[in-house]
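This report describes one protein chain, from its overall make-up down to single residues. Please look at the sequence and the structure before reading on.

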Amino acid sequence: MKCQKVRRKIHATKTSLDKKLRHIVLIMLLPLGFWMLLSLLIIRYYEMQYTQITYNVNVSSKFNMDFKSTIDLKMYHYTVGSKQQAALPTQDVEDAIDLADSLRQTTYRKESRRTLQNILDYCDNLEKKMFMIAETKNYDSRQQQLENNIYVLTRLIQAKMIDYIYYEAGYMTTLEQKMTKDIRTVTLLAILFVCQTVMLLFYYGLRFSKSITEPISRLCCNVKLVGEGEFSVPQIDTGYTEIEQLNSGIQQMASRIDILLENVKKEEKLQHKTQLQLLQAQINPHFLYNTLDTIVWLVESEQNEPAVSMLTNLSVFFRTILSKGNDIISLEEEIKHTRSYLDIQKIRYQDILEYDIRLPVELSTVLVPKLTLQPLAENALYHGVKEKRGKSTILIDCQLQGEEVLLTVTDDGIGMQPDKLNAVRSALESSERIGFGLLAVHERIKLYFGNSFGVSISSEYGRGTTVKVRIPQINQLSP
């Protein structure tokens, strides 16, 4: 349960390739979008400022062109009592006040705002002076007020409006310089950021590419190993969910293939053992019938001593075959089994058979598959000794060669023709069944000890045959 929690925690720290790509894109695009938005806001801010100042200058210039001449003319007509101007032109002054007030709301420079305030004060004073003229009845006094008050105030208003235009024009120039400087700074910072972004993108791109290609390359190597029959593939550590799933799938696939192949090998080995045991069971009755027939004949001939000897050897022979159900026995037991067989056969073929067995004491406990030497001795008897006229000898020799044991069965019987020898050797290489004895021993040796061990044969027609069995030195454990 604890391992599962740890596995879930580790899996939770993994990230998908899609999420990683989105993360990289966001890291790159968000700052870039910020700089673009900042640049647009700065440009928009200066555009609005420049547009407003331009508008204010245009409006104030138009006002300045008409205001003084219009007010002066209308007040002149009013003071002389002309029918063209029967009422005071206060509306024009109110319009000027509204204009100055609206300009003040969109003006930010201190000097300009102070100038507009002066214009508003002058306009208020101008209205007062207009009303004073309206209350004055004397023509000369009215003309004097017109000269000293009205004309002077309109001149001051005009002068202040010119000052306002001057200040705003100057501010426009300053604004243009500041805007140029800020845009240049933002552009430079944007270029630096783009360069840095490109470098970071290149760096993270290489890291991201490497973090993907290296695990995928190792996955390909694991797949190749599985294809070559190597199922113990190394684990791959990666931070991405997709690659982790691929790795886990390959690991599970390799493990299952390994288990399946191991099961197939076990089943084949079991099947092979069963076949060999069946073949082994087939040969025993034939030998038993012949031996019993010989014993019966000896008993009928009142040759009791040879009959008892054959029965004793027959008992040893089958006791070794049973060997408590073990398929692997000591070399000493195998030699005892083979000796009992040869003793039985020597009674039957006493005129043609002699044998000699050489077993060093240090090799007595070496383990061999049961029925390794006896079938070879049987082959030597039936295919070598019996085919030759006169007495022949079977020699069984056991030798230690390094970490291996060499078992040799030699007979000086008839031997083999070259074509027959080649056929036997070919059968040993291809596992083609041409008879039980030799090939069965060869297959059993390879089955238990591997393909580097087994049986080899050499023969010369008219001189005899030698069969060599090579096995590893594996000693029986002490009880």
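A crossing of two helices is called left-handed if the near helix is turned anticlockwise from the far one by less than a right angle. In this predicted model, the crossing of helices H3 and H4 is left-handed. The helices involved are H3, residues 90-105, and H4, residues 110-135. Their contact is formed on the H3 side by residues including Thr90, Val93, Ala96, Ile97 and Ala100. On the H4 side, the residues in this contact include Leu116, Ile119, Leu120, Cys123 and Phe131.

**The chain as a whole**

The chain holds 11 helices and seven strands. Of its 479 residues, 38% are buried. Its accessible surface comes to about 28800 Å², and carbon and sulfur atoms account for 56% of that area. Taking contacts between residues at least 6 apart in sequence, 73% join residues at least 24 apart.

**Two pairs of helices**

Two packed helices are described by the angle between their axes and the distance between the axes. The table gives both values for two pairs.

| Helix pair | Angle between axes | Distance between axes |
|---|---|---|
| H9 and H11 | about 160° | 9 Å |
| H3 and H4 | roughly 165° | within 9 Å |

Why is H9 described as roughly antiparallel to H11? The two helices pack at an angle of about 160°. Angles over 145 degrees count as roughly antiparallel, so H9 is roughly antiparallel to H11. The crossing of H9 and H11 is left-handed. Pro375, Leu376 and Asn379 of H9 make the contact with Gly437, Leu438 and Val441 of H11. H3 and H4 cross at roughly 165°, and they are therefore roughly antiparallel to each other.

**The sheet and the helices across it**

Strands of a sheet pair through backbone hydrogen bonds, either parallel or antiparallel. In this chain, five strands form an open sheet with mixed pairing, in the order S2-S4-S5-S7-S6. Strand S2 (353-358) and strand S6 (454-460) are at the edges; each has a single partner strand, so one side of each has no neighbour in the sheet. On average, neighbouring strands of the sheet are turned by 15° against each other, direction ignored.

Inside this order, strand S4 (residues 392-401) pairs with strand S5 (residues 404-411) in the antiparallel sense, over eight bridges. Gln401 stands opposite Glu404 in S5.

Two helices lie across strands of this sheet. Helix H8 (residues 331-348) lies across S2, S4 and S5 and runs at about 170° to S2. Helix H9 (residues 374-385) lies across S2, S4, S5 and strand S7 (464-472), running at about 145° to S4.

**Two single residues**

Most residues other than glycine have a negative phi, and most peptide bonds are trans. Leu371, however, has a phi near 65°, a positive value in a residue other than glycine. Leu371 belongs to the loop between strand S3 (367-369) and H9. Is Leu371 buried or exposed? Its relative accessibility is 4%; buried means under 20%, so Leu371 counts as buried.

Phe34 is placed in helix H2 (residues 17-80). Phe34 has a relative accessible area of 49% and is partly exposed. How far apart are Phe34 and Ala190 in sequence and in space? Phe34 and Ala190 are 156 residues apart in sequence, and their C-alpha atoms are 9.9 Å apart in space.

Note on methods:
Residues numbered from 1 in each chain as written. Predicted model: local features only at pLDDT ≥ 70, side-chain atom pairs only at ≥ 80, totals over all residues. Heavy atoms only, no water. Helix = DSSP H or I, 4+ residues; strand = E, 2+ residues; numbered from the N terminus. Buried < 20%, exposed > 50% of the residue type's maximum accessible area, 1.4 Å probe, protein only. Pairing = 2+ DSSP bridges. Axes fitted to C-alpha atoms, helices over the stretch in contact; angles between N-to-C directions. Contact = heavy atoms within 4.5 Å. Areas by Shrake-Rupley, 256 points an atom, 1.4 Å probe, with all protein chains shown as cover. Parallel < 35°, antiparallel > 145°, perpendicular 65-115°, else oblique.
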